[in-house]
Amino acid sequence: MKVQSADFINRSAKAIGDEQLQRALGNVRKGFIGKRAKAAAALPEFEAIRDEAVGIKNHVLNHLDVYLERFEANVKAAGGHVHWARDDAEARAIILELCRKENARTVTKGKSMLTEEIELNAHLEAHGIETVETDLGEYIIQLRGESPSHIIAPAVHLNRDQVEADFRRVHSHLAEERALETPESLLGEAREVLRRRYFDADVGITGANFLVAETGSSVIVTNEGNGDLTQTLPRVHIALASIEKIVPTMEDLSTILRLLARSATGQEMSVYTTISTGPRRADDQDGPEEYHIVLLDNGRSALLGTEFQEVLRCIRCGACMNHCPVFHAVGGHAYGAVYPGPIGAVITPALAGIEKAGHLPNASTFCGRCESVCPMRIPLPKLMRRWRDKEYEKGLQPATMRRGISLWAFAAQHPRVYRFGTKYAAALLSRLGGARRRIARLPFASGWTGARDLPAPEGQTFMQAYAAAKKADRS
């Protein structure tokens with residue numbers, strides 16, 4: 001997995017100065033938050049379903065080996081094949097071998113963050129196999145040679161004018177005078193181009209939102225129907241899924257599905273929910289002749305039984321990043337990793353190491369909005385805080401920061417020192433504020449004062465005010 005999170009600070013500064021990106025990110029703030037709130041409010045038992053879903057996933061994660069074996073047995077019973085991949089290299093090799101066996105020249109793909117994680121497109125194309133993204137957002141960013149900037153809205157960082165320019169540049173075989181000024185016309189053009197590619201494809205590759213152990217089924221949810229065409233038209237369907245996507249039963253699936261779209265896009269349900277169980281049967285009218293599931297670990301099993309196990313409950317709805325003020329400010333590409341936002345700030349260090357991704361948990365304000373809207377109640381702030389602890393324990397932070405944290409820890413453990421320090425620090429900062437009551441520059445705080453003034457403290461510290469109030473009560 002390619003990780004460029006070490007450059008998060010520079011990427012963020014560039015993103016904040018990008019006017020076009022800032023306009024596009026306004027759509028995240030305006031669109032997703034209100035829709036999610038309205039959808040949740042319309043379902044009185046929403047909070048109860050969240051609790052039930054958490055229980056389902058916790059049970060699965062505590063018995064993951066049992067359910068994975070049950071899933072494998074039922075896939076085979078339905079005529080499918082299961083392949084186990086320990087890491088991204090093994091997953092790429094398995095999928096390439098399946099494509100070569102089919103003599104595939106063209107592969108269509110449904111949207112899948114896991115294929116981004118293993119950099120599948122680049123691998124297949126390096127071996128002479130063209131990959132065609134069929135999700136509209138994924139198709140747009142593929143034309144631009146970019147990666148997704150959001151889990152459910154991969155092209156949310158772009159505006160309509162940019163998409164029109166890309167279509168006119170790449171779709172050079174179409175008439176120059178065609179109208180592309182509306183979202184509907186852009187959608188129509190993409191549909192016209194992609195429709196032909198479905199029939200050209202030798203293999204269809206999708207992800208899987210869920211895997212159902214009791215039936216050996218893979219499940220995808222989409223709003224465009226592209227996933228169905230990707231997996232039913234080619235002769236071979238390959239579904240790539242990470243091991244934690246298992247749910248025990250169809251009833252459990254229906255419970256979690258009630259949360260997914262409401263949390264992601266504010267819909268009651270996605271337009272398409274497609275359940276695939278094995279290849280086509282003799283009396284089926286369509287479907288693939290071969291059905292392969294590639295189960296990828298890639299570091300996830302190492303999280304089982306650890307303090308980070310809870311992150312494996314994630315169902316990739318994107319609600320945390322839709323409500324995250326950091327994501328709103330810098331967008332997804334600044335994170336320099338496949339998974340952006342609060343969930344990325346926890347998963348990326350887990351998969352790539354805190355040495356490569358320490359900036360991501362450090363960027364959080366710990367406002368808690370991500371945890372409050374997570375349908376699976378993942379304690380994201382707590383997990384990010386734990387990654388900060390690990391970064392400190394490994395001595396990865398700059399010496400200045402480490403000395404500052406040590407000084408703070410000493411003061412926090414010695415109340416008299418803390419009260420003495422805050423009393424005189426508040427008085428000093430109050431003087432520095434002058435008549436404006438604002439501090440424009442402050443040593444060791446340039447990260448704050450470089451972009452805005454620091455308000456000068458007013459009056460007493462909390463402990464001084466508390467002591468004064470107690471004294472007044474006694475008198």
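Some ground rules. Residues are numbered from 1 along each chain as its sequence is written, and side-chain values use heavy atoms, with hydrogens and water left out. Because the model is predicted, local features need pLDDT of at least 70 and side-chain atom pairs count only at pLDDT 80 or more, while totals for chains, interfaces and linings use all residues.

I start with the cores. By a nonpolar core I mean buried Ala, Val, Leu, Ile, Met, Phe, Trp, Tyr and Cys residues joined through side-chain atoms within 4.5 Å. Buried is under 20% relative accessible area, exposed is over 50%, and partly exposed is in between, with a 1.4 Å probe and protein chains only. The largest core has 84 residues, and the members that touch the most others are Ile 95, Cys 99, Phe 210, Ile 238 and Ile 343. A second, separate core has 17 residues, among them Val 60, Tyr 67, Leu 211 and Leu 295.

What does Phe 210 touch beyond its neighbours within four places in sequence? Its contacts, meaning heavy atoms within 4.5 Å, include Ser 217, Lys 245, Val 247, Leu 260 and Ile 315.

Next, a helix pair. Helices here are DSSP runs of H or I with at least four residues, strands are runs of E with at least two, and both are numbered from the N terminus. Helix α9, residues 160-170, packs against helix α10, residues 183-200, at about 35°, with the axes 11 Å apart. Axes are lines fitted to C-alpha atoms, for helices over the stretch in contact, and angles run from 0 to 180 degrees between N-to-C directions. From α9 come Arg 160, Val 163, Glu 164 and Phe 167, and they meet Pro 183, Leu 186, Glu 189 and Ala 190 of α10. By class, that contact has five nonpolar, three charged and no polar residues; Ala, Val, Leu, Ile, Met, Phe, Trp, Tyr, Cys and Pro count as nonpolar, Asp, Glu, Lys and Arg as charged, and the others, Gly among them, as polar.

Now the aromatics. There are seven aromatic pairs. Rings of Phe, Tyr and Trp (its six-membered ring) pair if their centres lie within 6.5 Å; planes under 30 degrees apart are stacked, over 60 edge-to-face, and the rest tilted.

Why is the pair of Phe 308 and Trp 387 called stacked? Because the ring centres are 4.2 Å apart and the planes are at 15°. Phe 308 sits in the loop between β10 (290-296) and α13 (319-322), and Trp 387 in helix α19 (residues 380-393), 79 residues apart. Phe 308 is buried at 4% relative accessibility, and Trp 387 is buried at 7%.

Trp 408 and Tyr 418 make an edge-to-face pair, 5.8 Å centre to centre with 75° between the planes. Trp 408 is exposed at 53%, whereas Tyr 418 is partly exposed at 31%.

Last, the loop between α18 (369-373) and α19, where Arg 377 is found. Arg 377 is not a glycine, yet its phi is positive, near 50°. Arg 377 is partly exposed, at 28%. Pro 375 lies in that loop too.

Is Pro 375 buried or exposed? Pro 375 is buried, with a relative accessible area of 1%. Not counting residues up to four places away in sequence, Pro 375 touches Arg 50, Val 54, Leu 259, Ser 263, Ile 315 and Cys 317.
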